[in-house]
Amino acid sequence: MAWLVDLPAVGKTWILIVLVSTLLVSLPASGIEFKHHNYASMTDYLRRLAAKCPNIFRLGSIGKSVQGRQLWVMRVTDHPDIFEPGEPRFKYVGNMHGNEVVGREILLYLLDILCEEYGHNSTLTRLVDTVDIRIMPSLNPDGYERSSPHACGERRGRTNAHNVDLNRNFPDQFLPKSKQPKAEPETKAMMDWIGKEPFVLSGNLHGGSVVASYPFDDSANHQLQGAYSGAPDNEMFKLLAHIYANNHRTMFHGNLCRGDNFPGGITNGAHWYDVPGGMEDYNYLHSNCFEITMELSCCKFPPASQLPTEWLNNREALIAYILAIHRGVKGFVRNRLTNEGIPGAVISVKSINHDVKAAKHGDYWRLLPPGKYLLTAHAKGYDAQSKEVVVTNCTDGVTVDFSLRPLSAKLPSTATLEQPLVYEHHSRGQLRTALEQVIRRCPDITLLHSLGTSVEGRQLWLIEFARQPGVHIPGVPEFKYIGNMHGNEVVGREMLILLAEYLCDNYRTDAQVTKLIDNTRIHLLPTMNPDGYARSHEGDVASVTGRYNAHSVDLNRNFPDHFHPEHSRGPLQKETKLVMQWIRSLPFVLSANLHNGALVANYPFDDHKTNSMAHFAER
Ligand code: ZN
């Protein structure tokens, strides 16, 4: 039976650790071969086990070492030929340093008992049934072949066949681009694997000390020792390290090897010593996967006679650490209408700056230590959803599903979304069509109407963006852009059409656009002078053709003038009257009027003689 033990942890929280030891004590020694396995015998061992337990084992390789050895991985799960939605993926990686061999051997023994005990031992059966486990006994088979047996402290065989330390070979967050390591074949294979599979939890087995070491492995200034470099999920990493150390027979003592002083048998990686380019940080920073590093033995390559003891030291810890994958929050993010999973949906936790992404079926796993959290699921094209979640010390974690409302009514079809922007002049009919397409795509936040008609009966189309279009909401400021007041100055007209498309297509997916529309009512009048536009022609750089309205009046000289109200430049034109009515109808706060012919932002007053709209708007 599992039993709970209260252990005082660092900080305020009490961490409860499940010890599984009593479950496994009764296990028979089975047919474990307590000897060292070189590449040939390891390959043979793995093939034999895969053949022995085909119901739960599949042997594969993620690539080859420099010298062409397979990077073997045994997949262990109850349905080894499929991926079960909602089942988390776990990995153990051993022997990344070729001369640190205890991890390699105990992973082979772990496979042995999983094969033997599946269907008999309830803990191991549950483990295989509920986790998709991958066991890689050696990431550095070339180094192993070079290493010296029974050499406790020697470095021979640590590196790969290119003499590169694989645990310094991953891209590093604190190294400049020019100093990033070039990935070795083994590293590259691992990075591809991490990128391809949605791992949740991982353990990286080393030797030379006895301690569980957690991210980050280095710090920004690469201080050699003593610089604590915590990840956003520092508390969870500490819990994971405690789970391994406390379930290990001796690790929690923290002082087993010469010079070791690790309270509780755990340490922050960078605080111990700076390791740039390490694998555990890469997992955390480039995928959903949390990885810690376990140092298993003072002697890196102990005699085979010590292997039974090493196995018993680690056996419960290896199992308990895999079971920790069920902690925290897990569930599915689904489309509320179709109930289909949303792959790639992002799960954020308030106050922890580290998001995870949902896998192929919308399934997600968010490791979290006990506590109260606010989780938010968001995905492009959907409303976000937040839920408060209490994570207890229950080792099965909490299931929380999200059901996101699609914004499909507001979104263009995929075809429209994918369409590149077409940069062309929009004639009268095309302008209307373009704006109509926008309101069809974003009906909830837009309104298309006309201020009225020009002298020649053309509509002054006006598109509006707001959370509640069509009404003035007290406290929500009103903004307007007016383009093409001079009919032959067309850039503003086109910019306003493009802006309308941009606002529509980025609402709810771009934070800035969303905030803007949620807090402002925006009015866009792409053309105030459609009659003039109809007379103008493309390529005309200098003439005034099309500048005026159909009565040959310059609309930007047609507004009542601040200084000389008596100096009217002819009768008020229809277009001018419509804009004046519009300006009076709403408490506009800010406006801009888009012209061409110079590149300048021009502010009031326009002058003291002519009538101008800027004056009027100010008044
Ligand atoms: Zn190592």
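Which residues does Asn 529 touch, not counting residues up to four places away in sequence? Asn 529 touches Asn 484, Met 485, His 486, Gly 487, Gly 546, Arg 547, Tyr 548, Asn 549 and Leu 555, where contact means heavy atoms within 4.5 Å.

A quick note before the panels. This is a predicted model, in which local features need pLDDT of at least 70 and side-chain atom pairs count only at pLDDT 80 or more, while totals for chains, interfaces and linings use all residues. Residues are numbered from 1 along each chain as its sequence is written, and side-chain values use heavy atoms, with hydrogens and water left out.

**View 1. Asn 529 in its loop.** Asn 529 sits in the loop between β22 (521-525) and α15 (530-535); helices (H or I, at least four residues) and strands (E, at least two) are DSSP runs, numbered from the N terminus. With a relative accessible area of 0%, Asn 529 is buried (buried is under 20% relative accessible area, exposed over 50%, partly exposed in between, using a 1.4 Å probe and protein chains only). A polar atom of the Asn 529 side chain lies 3.3 Å from the backbone oxygen of Tyr 548.

**View 2. The second largest cavity.** Its volume is about 50 Å³, and the count comes to 2 cavities of 30 Å³ or more. Here a cavity is a set of points, on a 1 Å grid over the protein atoms alone, where a 1.4 Å probe fits but cannot get out; lining residues have an atom within 4 Å of a point. Grid points are joined across faces, edges and corners, and the volume is the space filled by probe spheres set on the points. Look for Arg 428, Leu 431, Gln 459, Trp 461, Arg 493, Thr 527, Pro 530 and Tyr 533 around the second largest cavity. At least two lining residues come from each of α12 (428-441), β20 (459-465) and α15. Sorted by class, the lining has 4 nonpolar, 2 polar and 2 charged residues (Ala, Val, Leu, Ile, Met, Phe, Trp, Tyr, Cys and Pro count as nonpolar, Asp, Glu, Lys and Arg as charged, and the others, Gly among them, as polar).

**View 3. Strand β12 and its two partners.** On β12 (residues 346-349), Val 346 and Ser 348 point one way and Ile 347 and Val 349 the other way, and all are buried. β12 pairs with β13 (residues 352-357) in the antiparallel sense over 3 bridges; two strands pair if DSSP finds at least two bridges between them. The β12 and β13 hairpin has 2 residues between the strands, and Ser 351 in the turn has a positive phi of about 75 degrees. β12 also runs antiparallel to β15 (residues 371-378), joined by 4 bridges, and Leu 375 in β15 is the bridge partner of Val 349.

**View 4. Cis peptide bonds at two loops.** The bond from Pro 215 to Phe 216 is cis, with omega near 0 degrees, and Phe 216 lies in the loop between β8 (210-214) and α7 (234-247). Another cis bond joins Pro 604 and Phe 605, with omega about -10 degrees. Phe 605 is in the loop between β23 (588-594) and α17 (613-618).

View 5. Asn 95 has a positive phi, near 60 degrees, in the loop between β5 (89-94) and α3 (102-117). Asn 95 is buried, at a relative accessible area of 0%. Phi of Ser 552 is also positive, near 60 degrees, and Ser 552 lies in the loop between α15 and α16 (574-585). Ser 552 is exposed, at a relative accessible area of 58%.

Notes. A polar contact is a pair of N or O atoms within 3.5 Å; within protein, one must be able to donate a hydrogen and the other to accept it, and residues adjacent in sequence count only if both atoms are side-chain atoms. On a 1 Å grid over the protein atoms alone, a cavity is a set of points where a 1.4 Å probe fits but cannot get out, and a pocket is an open set with protein on both sides within 12 Å along at least five of seven lines; lining residues have an atom within 4 Å of a point.
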